[in-house]
Structures are given as structure tokens and as C-alpha cells.
Amino acid sequence: MAAMPEDPVSELGRLVRAQRHDAGLTQQALASLSGVSVATIRDLEQGRTRQPRRGLIDRLSAALDLPPEQLREPRPGSSAAWPSAAPV
């Protein structure tokens with residue numbers, strides 16, 4: 001059986017979780033810093049968010065002190081491509 005391509009939303013969720021952990025932040029702390037709910041962070045990290053809005057990506061990148069492009073694009077070496085982020 002062929003391997004399924006990686007889900008880009010799950011890749012984004014893993015990236016956000018890894019960056020959050022590296023920054024020593026809880027989901028609650030990241031939610032507070034980015035101005036979104038804990039449920040939003042949880043859903044993103046668990047791959048439940050299908051098309052994150054550009055505003056969410058911008059808020060998270062600012063809270064995690066990352067260039068927004070790092071969260072808008074898949075990691076180098078990944079064959080996944082993000083779904084087009086809907087404008088806010």
C-alpha cells in the first residue's frame with residue numbers, strides 16, 4: 001500500500017506545536033499572546049482546522065516571533081502545500 005501524502009494542515013499543526021514548545025508556551029499562553037481562543041490553537045495543532053485564515057497565521061507568527069512565511073509555507077523537503085489561506 002502506497003504512503004498517503006502528508007496532510008498540509010497537520011504539518012502546520014505540528015509546526016505550531018513544535019514552535020510553541022520551543023518557546024516554552026502552553027496553549028493558553030499562545031492563545032493569549034495571539035489573541036485567539038485555546039480551542040483555536042488546539043484545533044490547529046490537532047489538524048481539525050482545514051483552512052486557517054491569513055490573520056490567524058499572522059497572529060501566530062507574531063506571537064511565536066517567526067516570519068509569517070515560515071507558517072504560510074510547508075517545511076523544506078515536505079511535498080505538502082498549504083491550502084490557500086483565506087483572507088481575514
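In helix α2, Leu30, Leu33 and Ser34 meet Arg59, Leu60 and Ala63 of α4, where contact means heavy atoms within 4.5 Å. The helices named here are DSSP runs (H or I, at least four residues), numbered from the N terminus. The model is a predicted one, in which local features need pLDDT of at least 70 and side-chain atom pairs count only at pLDDT 80 or more, while totals for chains, interfaces and linings use all residues. Residues are numbered from 1 along each chain as its sequence is written, and side-chain values use heavy atoms, with hydrogens and water left out.

Let us look at how α2 sits against α4. The two pack at an angle of about 110 degrees, with their axes 8 Å apart; axes are lines fitted to C-alpha atoms, for helices over the stretch in contact, and angles run from 0 to 180 degrees between N-to-C directions. That makes α2 roughly perpendicular to α4, a label given to angles of 65 to 115 degrees. The crossing of α2 past α4 is right-handed, that is, the near helix is turned clockwise from the far one by less than a right angle. Ala62 has its place in α4 and is exposed, with a relative accessible area of 59%; exposed means over 50% and buried under 20% (1.4 Å probe, protein chains only). Ala62 and Leu33 lie 29 residues apart in sequence and 8.6 Å apart in space, C-alpha to C-alpha.

Helix α3 is another partner of α2. The axes of α2 and α3 come within 8 Å and cross at roughly 115 degrees, and the two helices are therefore roughly perpendicular to each other. Here, Gln27, Gln28, Leu30, Ala31 and Ser34 of α2 meet Val38, Ile41, Arg42 and Glu45 of α3.

Which residues of α2 are buried? They are Leu30, Ala31 and Ser34.

Notes
Angles under 35 degrees count as roughly parallel, over 145 as roughly antiparallel, 65 to 115 as roughly perpendicular and the rest as oblique.
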